[in-house]
Amino acid sequence: MIDRVVYRPIGVIHSPFKNLEDMPIQPAGARGAQGTVVVHPELSIGLRDIEGFSHLYLLYHFHRVKETRLEVTPFLDTQSHGVFATRAPVRPNPMGISVVRLVGREDNVLHILNVDVLDGTPLLDIKPYVPDFDVFDVDRIGWLEQSGKAVVQHRSDDRFSRS
Ligand SMILES: C[S@@+](CC[C@H](N)C(=O)[O-])C[C@H]1O[C@@H](n2cnc3c(N)ncnc32)[C@H](O)[C@@H]1O
């Protein structure tokens, strides 16, 4: 079994959010927030044809996480849950995922909207978002049944950033 995986960032995500607190907690709460994805120039050939997609998945490293927690009280709840039943950043592998809107490309720079990521976050991968692949008629959303809609207004606090 492989017990260690090392990835090199493929670039950096820039956003208006310079502090971990009081920022959106999902793209649904970041409507209109403009950002850029700067891909390392030597990888820019890998962006060919990306302009054809309106939405992209960004996969990234939560580089400001200082600890791992297996149980967390997420931003949208007052009850504790197993971390894998949440989107909290304090995960054993602190990887994040966001669907953003692609508004344009200049060489190795992608202009994006609805970014919910801290400025300077290391980018691990980009994939096109394809509704036929990625949208399902779900019949349960766990604890988020109670509070999922609040994501639009809800902002982060310091629960995952205080040391
Ligand atoms: C709840 S996570 C969800 C992010 C992503 N959409 C996901 O589902 O994986 C979003 C929060 O993570 C924190 N965060 C964002 N970028 C971060 C980074 N680079 N390092 C550590 N924490 C970060 C902020 O507090 C932000 O509000």
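Biologist: How many aromatic pairs does the structure hold?
Modeller: The structure, which is a predicted model, holds three aromatic pairs. One of them joins Tyr60 and Phe62 in an edge-to-face arrangement, with 5.5 Å centre to centre and 85° between the planes.

Biologist: Why are both numbers quoted, the distance and the angle?
Modeller: Because a pair of aromatic rings is described by the distance of the centres together with the angle of the planes.

Biologist: Is Tyr60 buried or exposed?
Modeller: Tyr60 counts as buried, because its relative accessibility is 3%. Phe62 has a relative accessible area of 21% and is therefore partly exposed; the cut-off for buried is under 20%.

Biologist: Which ring pairs with Phe75?
Modeller: Phe75 forms an aromatic pair with Phe160. This pair is also edge-to-face, at 5.0 Å centre to centre and 65° between the planes.

Biologist: Where do Phe75 and Phe160 lie?
Modeller: Phe75 is in the loop between strand 4 (71-72) and strand 5 (81-82), and Phe160 is in the segment after helix 2 (144-147), so the pair ties together parts that are 85 residues apart in sequence. Both Phe75 and Phe160 are buried.

Biologist: Let us turn to the fold. In what order do the six strands close into a barrel?
Modeller: The order is 1-2-7-6-3-8, with antiparallel pairing. On average, neighbouring strands of this sheet are turned by 45° against each other, direction ignored.

Biologist: How many bridges pair strand 1 with strand 2?
Modeller: Four bridges pair strand 1 with strand 2 (residues 34-39), in the antiparallel sense. Gly11 stands opposite Val39 of strand 2.

Biologist: And how many bridges pair strand 1 with strand 8?
Modeller: Strand 1 and strand 8 (residues 121-128) pair over three bridges, again in the antiparallel sense. Val12 has Pro122 as its bridge partner in strand 8.

Biologist: What joins strand 3 to strand 8?
Modeller: Strand 3 (residues 55-61) is joined to strand 8 by five bridges, and the two run antiparallel. Here Leu58 stands opposite Ile126 in strand 8.

Biologist: What about the loop between strand 1 and strand 2: where is Asp22?
Modeller: Asp22 is placed in that loop, between strand 1 and strand 2. Asp22 counts as exposed because its relative accessibility is 51%. Asp22 and Arg155 are 5.0 Å apart in space, C-alpha to C-alpha, although 133 residues separate them in sequence.

Biologist: Now the backbone. What is the phi of Asp107?
Modeller: Asp107 has a positive phi of about 50°, although it is not a glycine. Most residues other than glycine have a negative phi. Asp107 is found in the loop between strand 6 (95-106) and strand 7 (109-113), and at 62% relative accessibility Asp107 counts as exposed.

Biologist: And what is the phi of Asn114?
Modeller: The phi of Asn114 is near 70°, again a positive value in a residue other than glycine. Asn114 lies in the loop between strand 7 and strand 8.

Biologist: Is Asn114 buried or exposed?
Modeller: Asn114 is buried, since its relative accessible area is 12%.

Biologist: On to charges. How many salt bridges does the structure hold?
Modeller: The structure holds eight salt bridges. Among them is the one between Asp158 and Arg162, whose closest N and O atoms are 3.0 Å apart. Asp158 counts as partly exposed, because its relative accessibility is 31%.

Biologist: Which residue forms a salt bridge with Asp49?
Modeller: Asp49 forms a salt bridge with Arg48, and the closest N and O atoms are 3.8 Å apart. Asp49 is exposed, with a relative accessible area of 51%, and Arg48 is exposed as well, at 61%.

Biologist: And how far apart are the closest N and O atoms of Asp139 and Arg140?
Modeller: They are 3.7 Å apart in that salt bridge. Asp139 is exposed, with a relative accessible area of 69%, and Arg140 is exposed with 68%.

Biologist: Last topic, the surface. Which residues form a nonpolar patch?
Modeller: Ile2, Val5 and Tyr7 form a nonpolar patch on the surface, and together they have about 390 Å² of accessible area. Val5 is found in the segment before strand 1 (11-14). Val5 counts as exposed because its relative accessibility is 57%.

Technical notes:
Residues are numbered from 1 along each chain as its sequence is written. This is a predicted model: local features need pLDDT of at least 70, side-chain atom pairs count only at pLDDT 80 or more; totals for chains, interfaces and linings use all residues. Side-chain values use heavy atoms; hydrogens and water are left out. Patches are made of residues with over 30% relative accessible area and no salt bridge: like charges are joined within 9 Å, nonpolar side chains (Val, Leu, Ile, Met, Phe, Trp, Tyr) within 5 Å. Accessible areas come from the Shrake-Rupley method with a 1.4 Å probe; for residues, only the protein chains shown count as cover. A salt bridge is a side-chain nitrogen of Lys or Arg within 4 Å of a carboxyl oxygen of Asp or Glu. Buried means under 20% relative accessible area, exposed over 50%, partly exposed in between (1.4 Å probe, protein chains only). Rings of Phe, Tyr and Trp (its six-membered ring) pair if their centres lie within 6.5 Å; planes under 30 degrees apart count as stacked, over 60 as edge-to-face and the rest as tilted. Two strands pair if DSSP finds at least two bridges between them. Axes are lines fitted to C-alpha atoms, for helices over the stretch in contact, and angles run from 0 to 180 degrees between N-to-C directions.
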